[in-house]
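Please look over the sequence and the model below before reading on. The text then walks through a few of its parts.

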Amino acid sequence: MKTVIITGANGNLGTAVTRYFISKGYRVVATVVHENKKAEMPSDPRLDVQVVDLADELAAAAFVDRSVEKYGTIDAALMLVGGFAMGTIANTSAADIDQQVSLNFKTAYQVARPLFIHMLEKGNGRLVFIGARPALEAASGKDMLAYGLSKSLLFKLAEYLNEEAKGKNVTAAVVAPSTLDTPINRLSMPDVDPAIWVKPEALAGILEFIVSETGAPLRESVYKVYNNA
């Protein structure tokens with residue numbers, strides 16, 4: 001049984017991804033940020049829910065150490081923690097950028113760093129980051145500057161990791177979805193047809209493909225999952 005870490009497992013995307021991976025026979029080590037969020041998670045013997053503040057570097061490293069000690073090998077990790085903020089350069093302060101970098105980049109980096117070292121030692125592993133369209137397209141990102149900048153760091157991080165792991169069976173991929181079809185997005189954009197968005201369940205299937213044996217030959221991958229948005 002493969003073991004996968006899924007951070008932000010109780011979010012709109014995280015819930016769908018966690019359920020999907022369990023249904024495919026994976027053991028899932030899921031993180032939530034508060035104890036009361038554990039009650040939102042499904043009950044399954046293959047699900048291990050941990051309360052971790054991934055913005056805390058020491059806490060994130062300790063979580064990875066515990067997971068490795070308990071399960072021996074972590075085969076894959078999906079870094080789903082993140083958050084969104086609007087703002088052009090005129091109304092985006094350095095503090096706003098720090099906040100978005102902490103939420104969207106550091107929470108991923110602080111899990112990926114010890115896991116990457118573990119995976120290199122084991123000779124196998126898959127790291128998957130959730131990027132964003134505004135980080136790739138200036139036209140989409142100019143009104144969400146801090147968000148776009150913070151997500152752009154994930155693409156460069158994946159490049160660095162893939163360069164270091166070249167020739168080994170350890171890879172980093174970035175998945176950049178357009179708008180997700182979630183209740184909050186439907187509520188905030190009632191005039192947009194949600195059929196053009198990306199369903200979390202569909203994205204879950206793509207994530208599973210990346211870390212599966214079928215996706216094993218993939219290298220240095222960036223996936224633009226836009227549907228028709």
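This is a predicted model: local features need pLDDT of at least 70, side-chain atom pairs count only at pLDDT 80 or more; totals for chains, interfaces and linings use all residues.

Residues are numbered from 1 along each chain as its sequence is written, and side-chain values use heavy atoms, with hydrogens and water left out.

Start with strand β4, residues 76–79. Helices (H or I, at least four residues) and strands (E, at least two) are DSSP runs, numbered from the N terminus. Two strands pair if DSSP finds at least two bridges between them. β4 runs parallel to strand β1 (residues 3–7), and four bridges join them; V4 has A76 as its bridge partner in β4. β4 is also parallel to strand β5 (residues 125–130), again with four bridges, and there A76 stands opposite R126. From β4 the chain passes through α3 to β5 in a right-handed β-α-β crossover; right-handed means that, with the strands pointing away from the viewer, the path from the first strand over the helix to the second runs clockwise.

Buried means under 20% relative accessible area, exposed over 50%, and partly exposed in between (1.4 Å probe, protein chains only).

Next is helix α3, residues 94–122. Its 29 residues should span 42 Å at 1.5 Å a residue, and the end C-alpha atoms are 39 Å apart, which agrees; the expected span is 1.5 Å times one less than the number of residues. α3 bends by about 40° at F105, the bend being the angle between axes fitted to the seven residues ending there and the seven starting there. After α3 comes G123, whose phi is positive, near 80°.

Leaving out residues up to four places away in sequence, T107 touches L54, A55, V81 and S102, contact meaning heavy atoms within 4.5 Å. E121, also in α3, counts as exposed because its relative accessibility is 66%.

D48 is buried, at 12% relative accessibility. Beyond its neighbours within four places in sequence, D48 is in contact with V28, V29, A30, K70 and Y71.
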